[in-house]
Amino acid sequence: MASANLDGIGMTSPRARARMVERLRAQGILNPKVLEAMAKVPRHRFVDEALASRAYEDTALPIGFGQTLSQPYTVARLAELAVGPRRPDKVLEVGTGSGYQTAILAQLAGTVYTVECIEALQKKARFRLYDLKIYNVKYAHCDGSQGWPKYAPYDVIVVTAAAWEIPDPLLKQLAPGGVLVIPVEQGPRQILKRITCTEAGYAVEDIEPVKFVPLLGGKG
Ligand code: SAH
């Protein structure tokens, strides 16, 4: 599977990465599989060389086209909320961006279906993941607020840009028991929400305030 051969890659900063993981633990990330994935994937490979030395700081970084790679805590938190204790078979990610969150999710799931509306960003991400031998990812260039109906339903849907409202197509593409994790604009701030598709309907939990770039197009 994906976790294939990341060892030995990112030799430039294994210690910095280990420190980042310790910080994540202190910040309350508990899922050992998520921490393992964060320890394994070389974050510095997902930003421009000029920024690589800052890759393991607890900060968001620009990835071009006005978009950002979220801080490590946020990436880990999304993964932890989305995946829980069991290994999902199919994960839909809206907003490929640099591909870093994709790479983390690919360690934790059977297949990641990732969609991105800026083609040039996705192309770069695809090359990076291929270089890192992460092959359990399918890519589409489209408006992710419509989801990716072709492979629905998904056990998990993760949205990495903030929506004005929860897009209906995403709810419809959740498998029974499935989980959608999405930042939603609420008054002056954004709240990370987790929606679980239960027999009785959609259960919504407010998790914590967050800061994401806006979801573009569609209902974004
Ligand atoms: N998860 C990314 C960071 C994402 S930034 C990473 O790890 O680097 C949010 C991304 O969502 C941007 O790349 C942006 O282009 C993309 N995006 C915004 N609105 C979108 C939409 N409607 N459909 C698909 N992608 C979208």
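Buried is used here for residues under 20% relative accessible area, exposed for those over 50% and partly exposed for those in between, with a 1.4 Å probe and protein chains only. At 18% relative accessibility, Glu208 therefore counts as buried. This is a predicted model, in which local features need pLDDT of at least 70 and side-chain atom pairs count only at pLDDT 80 or more, while totals for chains, interfaces and linings use all residues. Residues are numbered from 1 along each chain as its sequence is written, and side-chain values use heavy atoms, with hydrogens and water left out.

**Glu208 and its polar contacts**

- Glu208 belongs to strand 9 (residues 201-210); helices (H or I, at least four residues) and strands (E, at least two) are DSSP runs numbered from the N terminus.
- The side chain of Glu208 makes a polar contact of 3.0 Å with the side chain of Tyr73, and another, of 3.1 Å, with the side chain of Arg77.
- A polar contact is a pair of N or O atoms within 3.5 Å; within protein, one must be able to donate a hydrogen and the other to accept it, and residues adjacent in sequence count only if both atoms are side-chain atoms.
- Not counting residues up to four places away in sequence, Glu208 touches Tyr73, Arg77, Gln190, Ile191 and Leu192, where contact means heavy atoms within 4.5 Å.

**Lys90, buried without a salt bridge**

- Lys90, which is placed in strand 3 (residues 90-94), is buried yet has no salt bridge, and the nearest side chain of opposite charge, Asp89, is 6.2 Å away.
- A salt bridge is a side-chain nitrogen of Lys or Arg within 4 Å of a carboxyl oxygen of Asp or Glu; Lys and Arg count as positive and Asp and Glu as negative, while His and the chain ends are not counted.
- A polar atom of the Lys90 side chain lies 2.4 Å from the backbone oxygen of Tyr151, and one lies 3.3 Å from the backbone oxygen of Pro153.

**Nonpolar cores**

- A nonpolar core is a set of buried Ala, Val, Leu, Ile, Met, Phe, Trp, Tyr and Cys residues joined through side-chain atoms within 4.5 Å.
- In the largest core, of 50 residues, Leu24, Met38, Phe46, Tyr100 and Ile104 touch the most other members, and the largest share of this core, eight residues, comes from helix 3.
- Apart from this core lies another, of 21 residues, among them Trp148, Ile157, Leu174 and Val213.
- In helix 2 (residues 32-40), the buried residues are Val34, Leu35, Ala37, Met38 and Lys40, and their cover includes helix 1 (14-26), helix 3 (72-83) and helix 4 (100-108).

**Aromatic pairs**

- The whole structure holds six aromatic pairs; rings of Phe, Tyr and Trp (its six-membered ring) pair if their centres lie within 6.5 Å, and planes under 30 degrees apart count as stacked, over 60 as edge-to-face and the rest as tilted.
- The Phe46 and Tyr100 rings have their centres 5.4 Å apart and their planes at 65°, so this pair is edge-to-face.
- Because Phe46 lies in the loop between helix 2 and strand 1 (61-64) and Tyr100 in helix 4, the pair ties together parts that are 54 residues apart in sequence.
- Tyr113 and Trp148, both buried, also form an edge-to-face pair, since their ring centres are 5.9 Å apart and their planes are at 80°.
- Tyr113, Trp148, Tyr151 and Tyr154 form one aromatic cluster.
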